[in-house]
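Here's a quick tour of one structure, taken topic by topic. Have a look at the sequence and the coordinates first, then read on.

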Amino acid sequence: MIRFIHALFALAFIALLSGCGATSEKRAYEYMPDMSRSPAYKAYAPNSVTRDGLTLQRPVSGTIPRGFHTFHYGPGEDEAARAGRELENPYRASPRTLEEGKGLFQTYCLVCHGEQGKGDGPISAKIPTPPSYVSERLMQFPPGRVFHVITLGTGKMPSYAAQLSADERWKIVTYVHAVLQGLGDRGQVAQNGGSQ
Ligand code: HEC
């Protein structure tokens, strides 16, 4: 019996807390609302908890976001040649990489360079004619140099870094090198076991 009365009191207490002040216009009283809804700061709101008083914190200096690739080359012939010497293509000419590289090439490069990379794309007559990929000069380009061209652009060709991620650029490089220049896996350095 005493247990029953205790339970009754407990129930009445809960009912009292949750029902406090509830009318049709007013919200019911909430007991310790912070337990279920913590206050969220807006990104640019002042913040008394952090050292600099800002909510949004700067990235730690010297760190890079996950998946970000650094690119330590400037524009110009010398820098392009250096990229050609130093950069290694992380992709091998596997059927899957070639398939993806082909799709990306046809979306982003074909319009000027042509399906076979001969410099005869649909709009090539309206722009300075792009060089053929099998010209003597371009056949000498190591993969890293083509990556440099796509990343920074060159002469009249704009940069495609904003449209293509570093991985997508390397896939295009692999396709151009292996298929359009007919060089297969030559000059490509396999670092990922060719799975991609
Ligand atoms: C808007 C037209 C256009 C598009 C799109 C384009 N290119 Fe070019 N590309 C050019 C022109 C024009 C040149 C010649 C640039 C110059 O020497 O002034 C060129 C030159 C090049 C060269 C030779 C650079 C050199 O040093 O001689 C390579 C390699 C190249 N493009 C690759 C690509 C790849 C790969 C893509 C696709 C991601 C691409 N291009 C997309 C117009 C384009």
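## Around the ligand

Sorted by class, the ligand's shell is made up of 16 nonpolar, 3 polar and 1 charged residues. Keep in mind that this is a predicted model.

Which of the 20 residues around the ligand come nearest? Those are Cys109, Cys112, Pro130, Gly155 and Met157. As for helices, at least two shell residues come from each of α4 (110–113), α6 (143–152) and α7 (166–180).

## How α3 meets α7

Two packed helices are described by the angle between their axes and the distance between the axes. For α3 (residues 95–108) and α7, the angle is about 100 degrees and the axes are 8 Å apart. That puts α3 roughly perpendicular to α7.

On the α3 side, the contact involves Thr97, Leu98, Glu100, Gly101, Lys102, Leu104 and Phe105. Across from them in α7 sit Glu168, Lys171, Ile172, Thr174, Tyr175, Val176, Ala178 and Val179.

## The nonpolar core

The largest nonpolar core has 23 residues, and the ones touching the most other members are Phe105, Val146, Phe147, Ile172, Val173, Tyr175 and Val176. Two or more core residues come from each of α2 (77–86), α3, α6 and α7. The top contributor is α7, with 7 residues.

Phe105 is worth a click in your viewer. Setting aside neighbours within four places in sequence, Phe105 is in contact with Leu110, Ile172, Tyr175 and Val176.

Note on methods: Residues are numbered from 1 along each chain as its sequence is written. This is a predicted model: local features need pLDDT of at least 70, side-chain atom pairs count only at pLDDT 80 or more; totals for chains, interfaces and linings use all residues. A residue is near a molecule or strand if its C-beta atom, placed from the backbone, lies within 6 Å of it. Helices (H or I, at least four residues) and strands (E, at least two) are DSSP runs, numbered from the N terminus. Ala, Val, Leu, Ile, Met, Phe, Trp, Tyr, Cys and Pro count as nonpolar, Asp, Glu, Lys and Arg as charged, and the others, Gly among them, as polar. Axes are lines fitted to C-alpha atoms, for helices over the stretch in contact, and angles run from 0 to 180 degrees between N-to-C directions. Angles under 35 degrees count as roughly parallel, over 145 as roughly antiparallel, 65 to 115 as roughly perpendicular and the rest as oblique. Two residues are in contact if their C-beta atoms, placed from the backbone, lie within 7 Å. A nonpolar core is a set of buried Ala, Val, Leu, Ile, Met, Phe, Trp, Tyr and Cys residues joined through C-beta atoms within 7 Å. A residue is buried if 20 or more other C-beta atoms lie within 10 Å of its own, exposed if 12 or fewer, and partly exposed in between; C-beta atoms are placed from the backbone.
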